[in-house]
Amino acid sequence: MAELVSQEMFLNMGPHHPSTHGVLRLIVQTDGEIMRRAVPDVGYLHRGIEKIAERVTYQGFMPYTDRIDYVSAFSGNLGYALTVERLAGIEVPEKAEYLRVIAAELARMGSHFIGFGAVLLDLGAVTPFVHALRERETYNDLMEMLCGARLTHNYARIGGVSHDLPEGFKEKTLKFIDHLEYEFIDEFNNLISFNSILVKRFANVGVVSAEKAIEYTLVGPNLRGSGVQFDLRRDDPYSIYDRFDFEIPVGKGKFGTVGDCYDRYWIRIQEIRESCRIIRQALEQMPEKGEIRTKIPKVFKPPKGEIYVRTECPRGEMGFYLISDGGKSPYRLKIRTGSFSAMSILEELSQGVMVADLVAIIGSFDIVAPEIDR
Amino acid sequence: MNPAIQYFKNIWDAIYTVSFGMIITLKYWVKEPPITIEYPDRLKKGPLILSGNSLEEIVSDRFRGYLTVDFSTCIGCLQCMITCPIDIIAIETEKRDDVRFITRFDINQSKCMYCGLCVEVCPTDAIVHSKRFEGACYDIKELCIRHVETAVPVAKRPSKGEAESA
């Protein structure tokens, strides 16, 4: 009897796959249920934001930064505003700095709700996703109170922020972070984090060692999940992050090896606690009255020069490299994002794992497809 | 460990930890009031969790909805048109007998990204965001809203003192 012929099969996962978090295509080479390779093919969501920057004014580009990473729109706002301010040497009023920190930390929490909620949904747990989304809804309401939009906030401006705190915002925020710190996180952990089925799916899957994480330039929670304690908020403080006292959670191999999917997931849950701490301190320290915006001319022309500013976004380091030729719009703007560097490691990480684990690995990196392509 | 014992231990572990989650789910099912409601029901009177009865009440004060223009204060300075990053506002003015008329003021709401930059630059707060957000219609052309049907004379520019106080 002739031997059975078996061959490897190429499959497309995506571009329209529910667990790729957007329009991301993975070319998957499988041998039965074992995966030989998964090559990410990015570019399906390329919108040419960097090119648009060369056509619009400096102020006019601000709404576009919402759309780089729409899950945490304010982080993009903040990074871009800081870049232009540093280039032009604009001072930001004290109160505006506090408002920015509050909005940025709220955005971080809002993003992590989607981040760990969606990965659980990918693995088949629908209930925790709904719980996480309930909290995200409160975050949306808070941002709507603050700036009028629920998703694309466009809250930061060059030289400050657009609106002052509305009435009742402080009380509502304090209530929200109290609820998170003392009720939601513990409840959520009991609901799903310590569930042994989830632990079996996550622990020892997709292990990234610290050396490899640095080699592949992983950033943000993905890097910290591998046990590297690096956070721009502490190590290269921008805005006024040096005034707050917070810890940087790192992966310790809670249920398996350091740097596995569970560590990356666990980091995000712990970061919510730290964000709560920062918001609490910021609300306490914030001056009651003060300017929220430095006036800049309507036709704004920063001096010639180039600058690179990086900020710590929920998905890691977001860098803006800006070249100005002294005109009304940037000569060149390059945006570097965290999800893009997470894509690079996927090919190596996916070798020899089961097909179902690929979903867990992609989800644990918390990628957002528009951020990969810009 | 004996594989058979391990097998049953795994099953026990799964049941034990899932039961924690199930208790929470049960708590929400029995005790907590429902959080989601079907969207249009919010607008009707009846058993409402969120008290709003009209569209204006369910969004916050600063909500950025459809753009509206108040021609009693619009001075036709074209600032909003220049500022708009995606050029959705088209304004034309015409001078006749020393009076400037606004002959065209179109806002393409289907393209608008509700960034609020036009509202910010307006010197007289003539263009503002309303709280309207329901824009479904059968033809996309209906969303290009012509705010001027017949020519409207521009409002007087506020004097400097007035502008600063406003």
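**The interface of chain B and chain A**

Tutor: The contact, meaning heavy atoms within 4.5 Å, takes 34 residues from chain A and 25 residues from chain B. This is a predicted model, in which local features need pLDDT of at least 70, side-chain atom pairs count only at pLDDT 80 or more, and totals for chains, interfaces and linings use all residues. Residues are numbered from 1 along each chain as its sequence is written, chains are lettered from A and ligands numbered from 1 in the order in which they are written, and side-chain values use heavy atoms, with hydrogens and water left out.

Between them, chain B and chain A bury about 2,300 Å², buried area being the accessible area (1.4 Å probe) that two parts lose on being put together, summed over both. Carbon and sulfur atoms carry 52% of this area.

Three salt bridges cross the interface, each a side-chain nitrogen of Lys or Arg within 4 Å of a carboxyl oxygen of Asp or Glu. Lys27(B) forms a salt bridge with Glu187(A), and their closest N and O atoms are 3.1 Å apart. On the side of chain B that touches chain A, α1 (3-30) and α4 each supply at least two residues; helices here are DSSP runs (H or I, at least four residues), numbered from the N terminus. α1(B) gives the largest share of that side, 11 residues. By class, the side of chain B that touches chain A has 14 nonpolar, six polar and five charged residues, where Ala, Val, Leu, Ile, Met, Phe, Trp, Tyr, Cys and Pro count as nonpolar, Asp, Glu, Lys and Arg as charged, and the others, Gly among them, as polar.
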